[in-house]
Amino acid sequence: VYKRQSLNSAQKMIGYIPRATQIAFLSPFPRSWFKKHPISFADLSHAVMGIEMTLIYVCLIGVFVAGWFWIKKLELWIILTFSFYFALIPTYVFPNIGALVRYRYAAIMILVAVGIAAFYYMKNRKSDIV
């Protein structure tokens with residue numbers, strides 16, 4: 001179980017960046033996808049969220065591929081900076097994962113688009129070689 005931290009100083013907020021990044025880009029976590037909930041609709045919505053997050057995880061791998069191909073492109077760094085900023089700020093502000101998922105959605109979808117573009121680039125690059 002993760003111990004809650006009091007983020008009452010700049011040093012603690014900076015030290016929290018790795019955990020905030022994990023929460024911002026990977027939550028809700030797989031252990032919550034298939035938990036039994038008292039409301040059956042919650043079970044369905046968590047299962048759908050599990051499918052969505054699985055696709056997002058795959059696309060986030062594509063972001064690392066994009067970094068490999070386009071590391072020297074300023075446009076990629078602007079997109080990554082924008083997405084990290086707008087995904088991390090709600091992580092510090094909202095303690096509720098449900099609210100966090102809604103507020104960080106645009107930042108995550110930009111990264112998903114970059115990941116899809118990297119996979120598409122990789123596919124087309126290989127087809128040109130063959």
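**Figure 1. Phenylalanine 84 counts as partly exposed, because its relative accessibility is 34%.** The model shown here is predicted. Phenylalanine 84 lies in helix H4. Leaving aside neighbours within four places in sequence, phenylalanine 84 is in contact with Thr21 and Phe25. Alanine 24 is 60 residues away from phenylalanine 84 in sequence, yet the two C-alpha atoms are 8.6 Å apart in space.

**Figure 2. Phe82, Tyr85, Phe86, Ile89 and Val93 make a nonpolar surface patch.** The patch covers about 490 Å². One of its members, phenylalanine 82, has its place in helix H4. Phenylalanine 82 has a relative accessibility of 40%, so this residue counts as partly exposed; the class lies between the limits of 20% for buried and 50% for exposed. For the protein as a whole, the accessible surface comes to about 9300 Å², and carbon and sulfur atoms account for 71% of that area.

**Figure 3. The largest nonpolar core holds 26 residues.** The members that touch the most other members are Phe25, Ile56, Leu60, Ala66, Leu76 and Leu111. At least two core residues come from each of helix H2 (17-26), helix H3 (40-70), helix H4 (74-93) and helix H6 (105-129). H3 gives the largest share, with 8 residues. Across the protein, 31% of the 130 residues are buried.

**Figure 4. The surroundings of leucine 111, a member of the largest nonpolar core.** Which residues are in contact with leucine 111, once neighbours within four places in sequence are left aside? They are Phe25, Cys59, Leu60, Val63, Leu80 and Ser83. Among these, Phe25 and Leu60 are also listed with leucine 111 as core residues that touch the most other members. Phe25 is in contact with phenylalanine 84 as well, the residue of the opening view.

**Figure 5. The protein has 6 helices and 0 strands.** Read from the N terminus, the order of elements is α-α-α-α-α-α. Of the contacts between residues at least 6 apart in sequence, 71% join residues at least 24 apart.

**Figure 6. Confidence is highest in H4 and lowest in helix H5.** The mean pLDDT is 91 for H4 and 77 for helix H5, which spans residues 97-103. Over the whole protein the average pLDDT is 83, and 85% of the residues score at least 70.

Conventions
Residues numbered from 1 in each chain as written. Predicted model: local features only at pLDDT ≥ 70, side-chain atom pairs only at ≥ 80, totals over all residues. Heavy atoms only, no water. Core = buried A, V, L, I, M, F, W, Y, C linked by side-chain atoms within 4.5 Å. Buried < 20%, exposed > 50% of the residue type's maximum accessible area, 1.4 Å probe, protein only. Helix = DSSP H or I, 4+ residues; strand = E, 2+ residues; numbered from the N terminus. Contact = heavy atoms within 4.5 Å. Areas by Shrake-Rupley, 256 points an atom, 1.4 Å probe, with all protein chains shown as cover. Patch = residues over 30% accessible without salt bridge, like charges linked within 9 Å, V, L, I, M, F, W, Y side chains within 5 Å. Salt bridge = Lys/Arg side-chain N within 4 Å of Asp/Glu carboxyl O. pLDDT = per-residue confidence, 0-100.
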